[in-house]
Amino acid sequence: MRGQWSLLLGPARLCLRLLLLLGYRRRCPPLLRGLVQRWRYGKVCLRSLLYNSFGGSDTAVDAAFEPIYWLVDNVIRWCGVVFVVLVIVLTSSIVAIAYLCVLPLILQTYSVPRLCWHFFYSHWNLILIVFHYYQAITTPPGYPPQGRNDMTTVSICKKCINPKPARTHHCSICNRWVSGNPSHAWLNNCVGHYNHRYFFSFCFFMTLGCVYCSYGSWDLFREAYAAIEKMKQLDKNKLQAVANQTYHQTPPPTFSFRERVTHKSLVYLWFLCSSVALALGALTIWHAVLISRGETSIERHINKKERQRLQAKGRVFRNHYNYGCLDNWKVFLGVDTGRHWLTRVLLPSSHLPHGNGMSWDPPPWVTAHSASVMAV
């Protein structure tokens, strides 16, 4: 079938090319010449409507998905509030179960040194989780001023069509520029220059806390799960006894209401902490990789395309904001001296990050890099 179409379209294409050639050499009748000129004019008009020096497949995809982006932005506007409420409610429920159900059990079984270690670590981890989450949702991410002409700009914002500084992105929810990578859904607040450290620290310490709870309650979870299965079997036997009216038999022992609630709460704690540890752990690892490379999630895609483009030309791409893995972490965490690893990382600290969100010069102790912002 395809061969038949090729036989039919081949002569048609040949005739069309001959007509265009004749029209170009002005050896055809005026009517045919006019049709050829109109055809060429129509092609030029069509190309002018679709032409864009910044266009490409990505631009076409962005234009096609613009209605979906609008819908997602409006949904995320409400998802941010839902996520914040869920984090507060679920974390509070885990803390309540730990105090009401787990603590009485470990007081009866753990030795004093082991009990002191768990008491210290669990409360230290909880304080860091609460501190960093509160700071992340209440600290403004940093909003560069729009419409100023005295700032060094590197690109044009496709949403507001204004020159924007480096490492600045337009948040569709806030409808303004944010220094960093806007991620409004997680905190009901953008993740930017001034609260990125709080957000990552919250993810990291929350993951540690969930791993600690799921690993430490594994034995309690197995016992509680076995008890729940036993409760189901006892309830089934009780129903059979009632159906057979065998009241002369001794009724099977039953679990009290407190025991039932305790067992179900321990199962709930283990499943929730394990699920959050896997999901939030993956997000934390992803952000750790980006921090090690000195990139944001949006910059990763831009740098990847630029690296491929320059590689095809035999050139090497250099990220101007990558100071090396260790120095990247020091800049991100605000660690200037050795004691800052304790006072600014392992203890709650509200110190400001380096820079102001518009200029990204490295701190004095970072080795100067002479690489260009784009490539060498």
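A helix here is a DSSP run of type H or I with at least four residues, and helices are numbered from the N terminus. In this predicted model, Leu-86 lies in helix H4, and Leu-86 is partly exposed, with a relative accessible area of 42%.

Leu-86 also belongs to a nonpolar surface patch of about 740 Å², which is made by Val-81, Val-82, Phe-83, Val-85, Leu-86, Val-89, Leu-90, Trp-186 and Tyr-268. Helix H4, which covers residues 66–109, gives the largest share of this patch, namely seven residues.

If residues up to four places away in sequence are not counted, Val-84 touches Tyr-133, Leu-187 and Asn-188. Val-84 and Asn-189 are 105 residues apart in sequence, while in space they are 10.0 Å apart, taken from C-alpha to C-alpha.

## Asn-188 in its loop

Asn-188, one of the residues that Val-84 touches, has its place in the loop between helix H6 (184–187) and helix H7 (196–216). Asn-188 is partly exposed, with a relative accessible area of 34%.

The backbone of this residue deserves a careful look. Most residues other than glycine have a negative phi. The phi of Asn-188, however, is near 55°, which is a positive value in a residue other than glycine.

## Where helices H9 and H11 meet

Helix H9 (residues 257–293) and helix H11 (residues 325–333) have axes that come within 7 Å and cross at roughly 105°. Angles of 65 to 115 degrees count as roughly perpendicular, and H9 and H11 are therefore roughly perpendicular to each other. On the side of H9, the contact is made by Ala-288, Ile-291, Ser-292 and Arg-293, and on the side of H11 it is made by Cys-325, Asn-328, Trp-329 and Phe-332.

## The protein as a whole

The protein has 12 helices and four strands, and of its 376 residues, 32% count as buried. Its accessible surface comes to about 24700 Å², and 65% of this surface belongs to carbon and sulfur atoms.

Among contacts between residues at least 6 apart in sequence, 68% join residues that are at least 24 apart.

Definitions and conventions: Residues numbered from 1 in each chain as written. Predicted model: local features only at pLDDT ≥ 70, side-chain atom pairs only at ≥ 80, totals over all residues. Heavy atoms only, no water. Patch = residues over 30% accessible without salt bridge, like charges linked within 9 Å, V, L, I, M, F, W, Y side chains within 5 Å. Areas by Shrake-Rupley, 256 points an atom, 1.4 Å probe, with all protein chains shown as cover. Salt bridge = Lys/Arg side-chain N within 4 Å of Asp/Glu carboxyl O. Helix = DSSP H or I, 4+ residues; strand = E, 2+ residues; numbered from the N terminus. Buried < 20%, exposed > 50% of the residue type's maximum accessible area, 1.4 Å probe, protein only. Axes fitted to C-alpha atoms, helices over the stretch in contact; angles between N-to-C directions. Parallel < 35°, antiparallel > 145°, perpendicular 65-115°, else oblique. Contact = heavy atoms within 4.5 Å.
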